[in-house]
Amino acid sequence: MIFAGWLRPHRVLVAVVAVATGAFACRDTTTPKELSTAGITEPRFTASSGFVTTSADRGNLGAFHIKSKAAGYDVDLKSKDNTDIVVANITVAPGGHSGWHYHPGPVLVVVKTGTITFYMGDDPTCSPRVHPAGTSFSENGGMVGIARNEGAVEASVVATFFVPKGSPTRLDAADPGNCHF
């Protein structure tokens, strides 16, 4: 009687599936061992330095379509997917940077203090995009880039992220190799 609960059929099935899946996951039966890692190199991720993000808040809008027309100003925002909005305060020390990264959705950034210099991973010339205090910029989802504080004072920004429900706001990316800092 003590073991009656353990032998319920659904628990046995789960255990058998887990063991079987584990056995198959540990073996590559379709590719010779010497070819299974051919062409794969270790990513060259860059850790952020002097870059501190503090989330102000996160909320869910679901799928949305917002049309706003007032006094000649016309805005249209739309997401067909379940969307979280995340607002964060970010500070970047002099000489600090975000590391190469991308976001799963668009980001709107307002520079409060200092200057942020942004570099794009797909720009072969690695041209700086300079954003001083009082300006703003946006990042498209999937766009690899790095934000740097190349000034002598701390830079601070407020960022608003549009991301899939529950997803992180930032994902690390490999160094694209186009910039040599």
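His-103 sits in the loop between strand S3 (101-102) and S4. Strands here are DSSP runs of E with at least two residues, helices are runs of H or I with at least four, and both are numbered from the N terminus. The model is predicted: local features need pLDDT of at least 70, side-chain atom pairs count only at pLDDT 80 or more, and totals for chains, interfaces and linings use all residues. Residues are numbered from 1 along each chain as its sequence is written, and side-chain values use heavy atoms, with hydrogens and water left out.

Stay with His-103. Its relative accessible area is 4%, so His-103 is buried. The scale is simple: buried is under 20% relative accessible area, exposed is over 50%, and partly exposed lies in between, with a 1.4 Å probe and protein chains only. The His-103 side chain makes a polar contact with the side chain of His-101, at 3.2 Å. A polar atom of the His-103 side chain also lies 2.6 Å from the backbone oxygen of Thr-169. A polar contact is a pair of N or O atoms within 3.5 Å; within protein, one must be able to donate a hydrogen and the other to accept it, and residues adjacent in sequence count only if both atoms are side-chain atoms. Leaving aside neighbours within four places in sequence, His-103 is in contact with Glu-139, Gly-141, Gly-142, Phe-161, Thr-169 and Arg-170. Contact means heavy atoms within 4.5 Å.

Now step back to the whole chain. The order from the N terminus is α-β-β-β-β-β-β-β-β-β-β. Of its 181 residues, 28% count as buried. Among contacts with a separation of 6 or more, 79% come from residues 24 or more positions apart.

Next, the pockets. Rolling a probe the size of a water molecule over the atoms shows where empty space is left. The search uses a 1 Å grid over the protein atoms alone; a pocket is an open set of points where a 1.4 Å probe fits, with protein on both sides within 12 Å along at least five of seven lines, and lining residues have an atom within 4 Å of a point. Grid points are joined across faces, edges and corners, and a volume is the space filled by probe spheres set on the points.

The largest pocket has a volume of about 220 Å³. Its lining holds 17 residues, and Phe-51, Ile-90, His-101, His-103 and Glu-139 lie nearest the centre. Here His-103 returns, together with its polar partner His-101. Which strands each supply at least two residues of this lining? They are S1 (49-70), S4 (107-113), S7 (136-139) and S9 (155-164). S9 gives the largest share, three residues. By type, the lining divides into ten nonpolar, five polar and two charged residues. Nonpolar means Ala, Val, Leu, Ile, Met, Phe, Trp, Tyr, Cys and Pro; charged means Asp, Glu, Lys and Arg; the others, Gly among them, count as polar.

The second largest pocket contains about 180 Å³ of space. It is lined by 13 residues, with Lys-78, Ser-79, Thr-83, Pro-106 and Phe-162 nearest its centre. Strand S2 (73-97) and S9 are the elements that give two or more residues to this lining. S2 has the largest share, six residues. The lining divides into seven nonpolar, four polar and two charged residues.

Ser-79 counts as buried because its relative accessibility is 16%. Its side chain joins that of Thr-83 in a polar contact of 2.7 Å. A polar atom of the Ser-79 side chain lies 3.0 Å from the backbone oxygen of Asp-81. Beyond four places in sequence, Ser-79 touches Ala-63 and Phe-64.

Gly-95 is also in strand S2. Buried or exposed? At 52% relative accessibility, Gly-95 counts as exposed. Not counting residues up to four places away, Gly-95 touches Asn-149 and Gly-151. Gly-95 and Glu-154 are 59 residues apart in sequence, yet their C-alpha atoms are 9.0 Å apart in space.

Finish with the covalent link. The whole structure has one disulfide, meaning a pair of cysteine sulfur atoms within 2.5 Å. It joins Cys-126 to Cys-179, with S to S at 1.8 Å. Cys-126 lies in the loop between strand S5 (115-120) and strand S6 (129-132) and Cys-179 in the segment after strand S10 (171-172), so the pair ties together parts 53 residues apart in sequence. The torsion about the S-S bond is about 110°, so the disulfide is right-handed. Both Cys-126 and Cys-179 are buried.
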